[in-house]
Amino acid sequence: VLITLNTFKMSSGKKNVEAAESEKMNNAVGSSSQAAQNGESEPKRSYTRSFPALPEKANAVSNSHHRQKKQTMANSIQQMRIGPSLISKTFHVAFDERKLDNSDKFGEGELQSVCMHIHRETGAQIEFSLSKDHSLSFIVTGRDREVKDALQKIANRFQTQPSKQISIPKDYHRTVIGLKGMKLKEIESSTNTKITVPRMNDLSELITITGPKDGIEKASLEIQRIVTEQANRASEMILVP
């Protein structure tokens, strides 16, 4: 009798659950039918409903940040383009080329003082070293014009200035000087020398070059090259086939 009663209770409970689920389904179907009769449709899921657009204010902030970032990058590139290019050059003064009249005076303290003075005059950065053989080495860094001016002042201050004279025909002196003296200044700047050309009313053909030994040789070769090129051009203009 006990087993039969429990079986009856379980069967009754199962039927009650099934009846409840059936009623829910009927209600859902009835609601759908009622909505269809009233002309209503069940809302459908879409991309717009699932992923709504961001507020306009957030988009504006994002776009503004993007524009600022692009402008910052453009400014950085522009600064890199217009930034001054720096160069470095080394200048060596052997012991036998130093100005020995002041050799006892030029210790490291005096060297530093002179280099600081040249730095203030030219704007170039100057490093120096004094070797055991008493030779001097300089590293000059800055813009092209600053470096050239500093090297010229270093040569004048620390290096003896021997001279050499070369004979150049008077007709070519104007070519060596160049337009408004630009060619002569270019040679002097690149060789750290001082070049003296006789005046037009002076009959002398001797051009004097003063400066360091290696600079004198470079200047002499450059002047000879200019004269040779001009002579070849003159020959080509005269020759008639």
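**Questions on the predicted model**

Analyst: At a relative accessibility of 8%, Thr191 counts as buried, a word that means under 20% relative accessible area, with exposed over 50% and partly exposed in between (1.4 Å probe, protein chains only). This is a predicted model, in which local features need pLDDT of at least 70, side-chain atom pairs count only at pLDDT 80 or more, and totals for chains, interfaces and linings use all residues. Residues are numbered from 1 along each chain as its sequence is written, and side-chain values use heavy atoms, with hydrogens and water left out.

User: Which side chain does the side chain of Thr191 join in a polar contact of 2.7 Å?

Analyst: Thr191 lies in helix H7 (residues 182-191); helices (H or I, at least four residues) and strands (E, at least two) are DSSP runs, numbered from the N terminus. A polar contact is a pair of N or O atoms within 3.5 Å; within protein, one must be able to donate a hydrogen and the other to accept it, and residues adjacent in sequence count only if both atoms are side-chain atoms. The partner at 2.7 Å is Thr193.

User: Which strands stand at the edges of the open sheet?

Analyst: Three strands form this sheet in the order S4-S6-S5, with antiparallel pairing; two strands pair if DSSP finds at least two bridges between them. S4 and strand S6 (residues 206-210) are paired over five bridges. Because each has a single partner strand, one side is left without a neighbour in the sheet for strand S4 (163-167) and strand S5 (194-196).

User: Where is confidence lowest in the protein?

Analyst: The pLDDT, the predictor's confidence in each residue from 0 to 100, averages 75 in the protein, and 59% of the residues score at least 70. Where pLDDT is low, the predicted coordinates should not be read in detail. The highest confidence is in S6, at 95, and the lowest, at a mean of 51, is in helix H1 (residues 2-37).
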